[in-house]
Amino acid sequence: MVKSLQKSLTLSRSQIMINLSQTRLIHIDLLEQMKIAMRKGIVPIIKDSDNCNFGKWINDSGKKLYQQSPEFKLLEEHHDQFHNIAIELTKLLKKRDFDMAEIAMRELQHESKGLIFMISMLEYRSSKTTNF
């Protein structure tokens, strides 16, 4: 019975790791789309932070799994800030203000690093324990 419980716990941790890896990839994909749009001078369509794929994960699975983790609150904050900057970037691209858009892109990349770090911290904590 103990081995069965350990196997189930391992599977649960494995599923958690897959879940976090998927969220990281969802975010990186959006960042890459923003970079491509900027290079081409295209104005991307940015959903608000609750309606993008990552935001949907945060409000559903993320909250269920990690709400008690201090990193989760920081993750939400970085995600909201990422969207605020992305929306500002789209406004600058609409105005064809490429110099300011370049600055906004650097800010977006910086915010992205913070967001990815928070995902990594959740992943790290999940690998150590199932209790936050």
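**Reading the helices and aromatic rings**

Being 3 residues apart in helix α2, F54 and W57 are separated by about one helical turn, where a helix is a DSSP run (H or I, at least four residues) numbered from the N terminus. This is a predicted model, in which local features need pLDDT of at least 70, side-chain atom pairs count only at pLDDT 80 or more, and totals for chains, interfaces and linings use all residues. Residues are numbered from 1 along each chain as its sequence is written, and side-chain values use heavy atoms, with hydrogens and water left out.

Q: How are the rings of F54 and W57 arranged as an aromatic pair?
A: Rings of Phe, Tyr and Trp (its six-membered ring) pair if their centres lie within 6.5 Å, and planes under 30 degrees apart count as stacked, over 60 as edge-to-face and the rest as tilted. Here F54 and W57 are stacked, at 5.8 Å centre to centre with 25° between the planes. The rings of W57 and Y66 have centres 5.9 Å apart and planes at 40°, so that pair is tilted.

Q: Is W57 buried or exposed?
A: Buried means under 20% relative accessible area, exposed over 50%, and partly exposed in between (1.4 Å probe, protein chains only). W57 has 9% relative accessibility and therefore counts as buried, while Y66, at 0%, counts as buried too.

Q: Which residues does L89 contact, leaving aside its neighbours within four places in sequence?
A: Contact means heavy atoms within 4.5 Å. With those neighbours left aside, L89 is in contact with M34, M38, A101, A104, M105 and L108.

Terms used. Helix = DSSP H or I, 4+ residues; strand = E, 2+ residues; numbered from the N terminus.
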